[in-house]
Amino acid sequence: MDATSKTVSVVIATYNGSVFIREQLESVINQNFKPVEIIVSDDGSTDSTLDIARSIAEVSEVPVKIKINQTNLGFRDNFLNAALSANGDFVAFCDQDDIWDLEKLERVAVNFQNPNISMIVHAAASLDESTGKIVKFTQGIQRTCIKPPLSYDPWLTFFGFSIVFRRELLHLADIERRFRDFIVPKEKIAHDRWIVFLGQVVGETAELHLPLVTYRQHATNLFGDGRRSHKAKGHDPIRELDDYIAATADMIAVIRELPDTTEAAFPLFDRGKAIDFFQRALHQLQQRKRVYVSRSRPRGVWAVIRNIRGGVYRSVHHDTIRWRSIARDLKYCATRS
């Protein structure tokens, strides 16, 4: 399938990335399938990041546009605000400290002509900078395939560097009104989680079982190669559930408010089906909370049993049992008097 009629913009959010930015920019500029533009959005670097980016831009065969934020936005808003200025048919997020395989855009571009696909995701290689060890980081991608809408856990995400998506996703909803990040509740939802949420609601996802980016693990990473850290001492499971409940309720509100033109851009979008999907997820969270607000161990265990009988622990996206959730809830019950 010919992809040459479609274009892709690459968005790089930078902040004090002078150690890595040259190698990363060169890996994007030298792609076999050239991006139509590279947008470097800097969030107030105080090192030589901008000097390096400017020197590369002067000689780059790919246009490099450099934006400087007047105030520090944080990586979430830096990525999304920069992406809003993209001109390509597709947009690729790019971290300043990774290295792209030179075939990355060429590999994902084979899906550009399929009007049902809203985003393309791929595996990666994880590089531990301290040891030099490289391992495949699949992100749960088992094979190259196309997944229908609503195929993922409502709270799942793929790392931003592995996502290439239709630019129209950015304009379905106001980024300033996006819901709270259920992992970091004091922040709005991260750029990658926002795009994965919208992408799986409105269209198909192409998964590539190919490690097309080398993801560096180093001391200044914001995240490791797993989204969740170990629970901190004093972790409050009820508050965590409340964060997920609030975010999921807001997901439903976003879907209700998607414009009527969404179906024209994304033919597979089914508003009613999407709302039902997330309402079932919300119901599961609310029912699980009953376990945690039970006043005694027996009441908590009985709440777990009711939830099992009621199908609360079945994943909404593929109807398998969430054994870890059952184990977590029972473990909490065991701590009650």
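Visitor: Which helix gives the largest share of the lining of the largest cavity?

Guide: In this predicted model, that share comes from helix α5 (residues 191-202), which supplies 4 residues. The whole lining has 13 residues, and Pro154, Leu156, Arg193, Val196 and Phe197 lie nearest the centre of the cavity.

Visitor: What makes this space a cavity?

Guide: A cavity is a set of points where a 1.4 Å probe fits but cannot get out. The structure holds 1 cavity of 30 Å³ or more, and the volume of the largest cavity is about 70 Å³.

Visitor: Into which classes do the residues of its lining fall?

Guide: The lining of the largest cavity has 10 nonpolar residues, together with 1 polar and 2 charged ones.

Visitor: Why are helices α1 and α2 called roughly parallel?

Guide: Helix α1 (residues 21-29) and helix α2 (residues 49-59) pack at an angle of about 30 degrees, and their axes are 10 Å apart. Angles under 35 degrees count as roughly parallel, and α1 and α2 are therefore roughly parallel to each other. The contact is made by Ile21, Arg22, Leu25 and Ile29 of α1 with Thr49, Ile52, Ala53, Ser55 and Ile56 of α2. By class, this contact has 6 nonpolar, 2 polar and 1 charged residues. As for handedness, α1 passes α2 in a right-handed crossing.

Visitor: What makes α8 roughly parallel to α10?

Guide: The axes of helix α8 (residues 271-292) and helix α10 (residues 323-334) cross at roughly 25 degrees and come within 9 Å. The cut-off is again under 35 degrees, so α8 is roughly parallel to α10. From α8, the residues in contact are Arg288, Val291 and Tyr292; from α10, they are Ser325, Arg328, Asp329, Tyr332 and Cys333. The contact of α8 with α10 has 4 nonpolar, 1 polar and 3 charged residues.

Visitor: Why are α8 and α9 called roughly antiparallel?

Guide: The axes of α8 and helix α9 (residues 297-309) cross at roughly 160 degrees and come within 7 Å. Angles over 145 degrees count as roughly antiparallel, and this is therefore the term for α8 and α9.

Visitor: Which residues make the contact of α8 with α9?

Guide: Helix α8 contributes Gln287, Arg288, Arg290 and Val291, while α9 contributes Gly300, Ala303, Val304 and Asn307. These residues divide into 3 nonpolar, 3 polar and 2 charged. Arg288 and Val291 of α8 take part in this contact, and Arg288 and Val291 are also among the residues of α8 that meet α10.

Terms used. Residues numbered from 1 in each chain as written. Predicted model: local features only at pLDDT ≥ 70, side-chain atom pairs only at ≥ 80, totals over all residues. Heavy atoms only, no water. 1 Å grid on protein atoms, 1.4 Å probe; cavity = no way out; pocket = protein on both sides within 12 Å on 5 of 7 lines; lining within 4 Å. Points joined across faces, edges and corners; volume = space filled by probe spheres on them. Helix = DSSP H or I, 4+ residues; strand = E, 2+ residues; numbered from the N terminus. Nonpolar A, V, L, I, M, F, W, Y, C, P; charged D, E, K, R; others polar. Axes fitted to C-alpha atoms, helices over the stretch in contact; angles between N-to-C directions. Parallel < 35°, antiparallel > 145°, perpendicular 65-115°, else oblique. Left-handed = near helix turned anticlockwise from the far one by under 90°. Contact = heavy atoms within 4.5 Å.
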